[in-house]
Amino acid sequence: MNYISIIDQLNLDIEAISDLDNNKIIRLQKQLKAKAVLENSSNLGQLASMIDELKDETIRKHHIFVEKHQWLKQIITGDYSNIPQSSIKIHHESIANNDSLKQFLAPYLKAHIKPFLAETLNKGKYILLINIVLSQRLFTEEIEQMIISFFSSKLNYAKVYMEEGKLEDKHYPVAYITNRNFIKCLSQYPNSFEDDINELNSVVIDIYNSKRKNTNNSTFIFTAKAMVAFGELEISNYMLKDVLISNAATAKPYAFKTGKSQKTKSGTGVGIWSIIVFLILMVRIATKVFRSDSSSPSNYYDQYDRINIGNTNENNKNILEAIRKIQEKKQLEQQTLGSNNSKNNNIEETVILKNNKTIKTITLPNIYGNRYKSKNHIRFIYSLKLKTKREDQEKNPKPTTPITAFTNAYPKTFNTIESSENRVNNYSLLKNNSNNDLVVFRLTQGIDQTIYIPNEETRYINIKQGDSLLFYTGQYFSPGRFSHFKTQTELSKLYKVKTFETGTNTEINILPFSQEVKFNKDFKTNKTTIDTFLRDHIKTNKLELEALNIDYIYTKWYKNKYN
């Protein structure tokens, strides 16, 4: 919907609009009809409606506001190709009623704000971009959500672009992530991009690591610039903020250096500089090659020759063997998990009778054994926390086939917690009274473990003093690339088993999360705000759980890994 300027259509000026009364409006309507007949105008209906609305003094002031702001007029009329970057100013004294003005502008901005932002970003007009975003006083909540959606899509595009290795070809399609004014745009909505930035930053760090042997490499410099820009981000998660600032300080010496004197200098590592980096790079290249020709795994070495890595001398043979094993793993994964409807997959289906009802359940396959399972799941736990925290749960999720009780919900990366239906010496009785299904994570020395416990079920599980436990509840568990509950999701704190009375009937009872209300009074304004939050409700018997801070643990791990 384009804004139509009454001043342009009827050759009026701002003063004439200010002085309009009912008689003048009637004369304008007659003038409009005569002009429409002569010019065969197609927008007569919209113009007539706009003139009739001029009887409202507030609406007249809104039109005057638009006419006084040429940049705004250009945006809502669709003519935003040549807006000067420094022209974005708001004459606040011209605003008659801020809420009413927002509603007046909303239908026009709804039609044009995303195309305008896209064109402005594509042309690299970052000052214009930040100046528009700073004009939040003119935006309804719906328009602000459209702006947030636009920037989120750009962050996700950059992540996928870089993950697919396209950064090696050209940088300019995602050059905006290195621009500080673009990052300042994100800072205007500090609670909206936490997940997007966290995921994109991880990809940037990985590429930075893989390229840092040559600090003159253009891709290395590009990622260093992105890290420096991310350090400017204002975000409500202070843990992530600290990490971004630390990474920016590490990358800054390499982001804007010039001259040939740095040619042989090795970059400061975000992590340990070693042959492992080279191995990871080889694995990624091999993975891309495999994906491009997954139907012909036998010709892998021919593909390897085509990408010109170099001679396969004795030292490289070990690397090639490692890559070959990775390819075998990829093949196995595709054959086994490619389709739940395949006749040849290893997903077991079980039919059980419960409460006089026949229920079909599935058992997810443990196709890798212990061979490829990670021994550190800190990033996974933090990602699960972020996903649980986000308010994007499905409102009307389609029911999923339940997982078989007391099996492993994450067999690709976790082992199964040893458990028993009957009491076993030094096993703890775990009761799921959370009103939802439950996944228990046991973090221990070696490969971590997990078990799926349906609602209102109990199980004796093997835990020991010093283990860490995490309780994840929800409904409609969906196995996939990132397995999760679709709705009613909650994630407990991470707990360490501080004391454990061996030889006794130890017990953990998982109850529904309790809601607490906190009143915050601001003594300066004498206003009180109310915050509601959920708190874990876990009862124990003859063992003690000590709560740990997931954010702190993740931040410490992140800094150790990348600095």
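The following paragraphs lead through one protein chain, from its overall make-up to selected residues.

The model is a predicted one. The protein chain contains 18 helices and 16 strands. Of its 563 residues, 44% count as buried. Among contacts in the protein chain with a separation of 6 or more, 71% are accounted for by residues 24 or more positions apart.

The tour begins with helices. Glutamine 29 belongs to helix α3, which spans residues 22-39. With a relative accessible area of 24%, glutamine 29 is partly exposed, because buried residues have to be under 20%. Apart from residues up to four places away in sequence, glutamine 29 touches Ala48, Ile51 and Asp52. Between glutamine 29 and methionine 50, which are 21 residues apart along the chain, the C-alpha atoms are separated by 10.0 Å.

Leucine 105, in helix α7 (residues 98-122), has a relative accessibility of 0% and therefore counts as buried. When its neighbours within four places in sequence are left aside, leucine 105 is in contact with Val66, Leu72, Ile76 and Leu138. Leucine 105 and isoleucine 143 are 38 residues apart in sequence, and their C-alpha atoms are 9.8 Å apart in space.

A pair of helices comes next. Two packed helices are described by the angle between their axes and the distance between the axes. For helix α11 (residues 194-211) and helix α12 (residues 218-230), the axes come within 9 Å and cross at roughly 145°. This crossing of α11 and α12 is left-handed. On the side of α11, the residues that meet α12 are Ile197, Leu200, Asn201, Val204, Ile205, Ile207, Tyr208 and Lys211. Their counterparts in α12 are Thr219, Phe220, Thr223, Ala224, Ala226, Met227 and Phe230. The residues of this contact divide into 11 nonpolar, 3 polar and 1 charged.

Tyrosine 208 is found in helix α11 and, at 0% relative accessibility, counts as buried. From tyrosine 208 to methionine 227 there are 19 residues in sequence and 9.2 Å in space, C-alpha to C-alpha.

Aromatic rings provide another way to follow the chain. The structure holds 19 aromatic pairs. In one of them, the rings of phenylalanine 414 and phenylalanine 441 have their centres 5.3 Å apart and their planes at 55°, so the pair is tilted. Phenylalanine 414 lies in the loop between α17 (378-389) and β3 (415-416), whereas phenylalanine 441 lies in strand β6 (residues 437-443), so the pair ties together parts that are 27 residues apart in sequence. Both phenylalanine 414 and phenylalanine 441 are buried.

Phenylalanine 477 and phenylalanine 485 form an edge-to-face aromatic pair, with 5.2 Å from centre to centre and 75° between the planes. Phenylalanine 477 and phenylalanine 485 are buried as well. Ring pairs link these four residues into a cluster that also includes Phe380, Tyr410, Tyr452 and Tyr472.

Isoleucine 403 is found in the loop between α17 and β3. Its relative accessibility is 3%, so isoleucine 403 counts as buried.

A ring may also face a charge. The charged end of arginine 459 sits over the ring of phenylalanine 406, 4.2 Å from its centre.

The last topic is the backbone angle phi. Most residues other than glycine have a negative phi, and most peptide bonds are trans. Which loop holds glutamate 456? Glutamate 456 lies in the loop between β7 (449-453) and β8 (458-461). Although it is not a glycine, glutamate 456 has a positive phi of about 65°. At 63% relative accessibility, glutamate 456 counts as exposed, because the exposed class begins over 50%.

Lysine 542 also has a positive phi of about 65° without being a glycine. Lysine 542 has its place in the loop between β15 (538-541) and β16 (543-548). With a relative accessible area of 37%, lysine 542 is partly exposed.

Terms used
Residues are numbered from 1 along each chain as its sequence is written. This is a predicted model: local features need pLDDT of at least 70, side-chain atom pairs count only at pLDDT 80 or more; totals for chains, interfaces and linings use all residues. Side-chain values use heavy atoms; hydrogens and water are left out. Axes are lines fitted to C-alpha atoms, for helices over the stretch in contact, and angles run from 0 to 180 degrees between N-to-C directions. Helices (H or I, at least four residues) and strands (E, at least two) are DSSP runs, numbered from the N terminus. A crossing is left-handed if the near helix is turned anticlockwise from the far one by less than a right angle, and right-handed if clockwise. Contact means heavy atoms within 4.5 Å. Ala, Val, Leu, Ile, Met, Phe, Trp, Tyr, Cys and Pro count as nonpolar, Asp, Glu, Lys and Arg as charged, and the others, Gly among them, as polar. Rings of Phe, Tyr and Trp (its six-membered ring) pair if their centres lie within 6.5 Å; planes under 30 degrees apart count as stacked, over 60 as edge-to-face and the rest as tilted. Buried means under 20% relative accessible area, exposed over 50%, partly exposed in between (1.4 Å probe, protein chains only). A charge sits over a ring if NZ of Lys or CZ of Arg is within 6 Å of the ring centre and within 35 degrees of the ring normal.
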